[in-house]
Amino acid sequence: MTPSLAIVIGTIGRPTLEDSLDSIVKQGLQPSDQVIVVRDSFEDPDDTKKVRERVEKYGPPFQYHECDAGYHYNGVEQTNYGCSRAAADFVLSLGDDDVYEPGAFDTLRTVMAEDLFRPVLFRFLSPWRTVLWDMPRMLRSHISGQCIAIPRVFMAKQPTNIDPSVDFDWMEAILAKAAAAKKDPLWLDALLVIARPKVRFSCP
């Protein structure tokens with residue numbers, strides 16, 4: 001059985017959104033996969049008015065949704081909205097300025113197929129060019145919500161408190177659900193997601 005994937009992207013319509021979507025297309029999607037793009041429509045900022053057209057040009061399995069949470073904060077409410085509509089075996093969260101490395105989904109599906117109920121954690125290159133995770137442990141500020149493939153049965157809502165550690169708290173809640181079912185996470189030593197790949201940072 002090939003595990004199905006639901007990729008959830010919260011967006012305000014950044015110009016980099018197409019880069020994120022193109023990186024998903026290049027992975028080779030399965031018929032049961034979903035790509036759920038949720039626009040933050042609070043106050044309907046001008047730069048997002050054409051996001052629907054930008055997403056729908058990709059066709060199925062790409063889906064466009066809107067979520068007005070009454071405030072802006074890192075796409076938390078939009079991610080929760082998208083995750084609630086996921087029907088795949090595993091759910092992944094991607095920023096609208098992140099891209100998947102070539103072959104990322106093949107790598108994930110190979111290990112997922114061994115156990116559909118085991119969370120998979122993998123590495124992510126942050127915007128400031130730090131690799132997260134940097135050690136196979138759950139440490140605050142050392143891990144990101146882009147680093148996990150979540151078995152849908154263990155999905156939890158992201159906390160809606162405005163806090164820089166919201167990703168960490170979300171992942172801890174997911175792993176706690178998995179631990180209660182005696183499913184430890186698999187730490188996959190592979191860099192699968194790159195943030196802002198066109199940005200080059202120089203050393204001070």
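I started with Lys57, which is exposed at a relative accessible area of 57%. For the labels I used these cut-offs: buried is under 20% relative accessible area, exposed is over 50%, and partly exposed is in between, with a 1.4 Å probe and protein chains only. I kept in mind that this is a predicted model, where local features need pLDDT of at least 70 and side-chain atom pairs count only at pLDDT 80 or more, while totals for chains, interfaces and linings use all residues. Residues are numbered from 1 along each chain as its sequence is written, and side-chain values use heavy atoms, with hydrogens and water left out.

Which residue does Lys57 meet in a salt bridge? I found Glu18, at 3.9 Å from N to O. My rule for a salt bridge was a side-chain nitrogen of Lys or Arg within 4 Å of a carboxyl oxygen of Asp or Glu. Glu18 sits in helix H1 (residues 17–25) and Lys57 in the loop between helix H2 (51–56) and strand E3 (62–67), so this pair ties together parts 39 residues apart in sequence. Helices (H or I, at least four residues) and strands (E, at least two) are DSSP runs, numbered from the N terminus.

**More charged pairs**

I noted that side chains of opposite charge can pair when their charged atoms come close. The count here comes to 10 salt bridges.

Next I looked up Arg39, whose side chain meets that of Glu66 in a salt bridge at 2.9 Å, N to O. Arg39 is in strand E2 (residues 34–40) and Glu66 in strand E3, 27 residues apart, so I wrote this down as a link between distant parts of the chain. Arg39 is buried at 4% relative accessibility, while Glu66 is partly exposed at 36%.

Then I checked Arg140, which forms a salt bridge with Asp169, the closest N and O atoms being 3.0 Å apart. Arg140 lies in the loop between strand E7 (131–132) and strand E8 (148–151), and Asp169 in helix H5 (residues 166–180). Both are partly exposed: Arg140 at 40% and Asp169 at 26%.

**Cysteines**

How many disulfides did I get? The count is 0, taking a disulfide as a pair of cysteine sulfur atoms within 2.5 Å. For Cys67, the nearest cysteine sulfur is that of Cys83, 12 Å away. Cys67 is buried at 12%. The sulfur of Cys147 is 15 Å from its closest cysteine sulfur, in Cys83, which is too far for a bond. Cys147 is buried too, at 0%.
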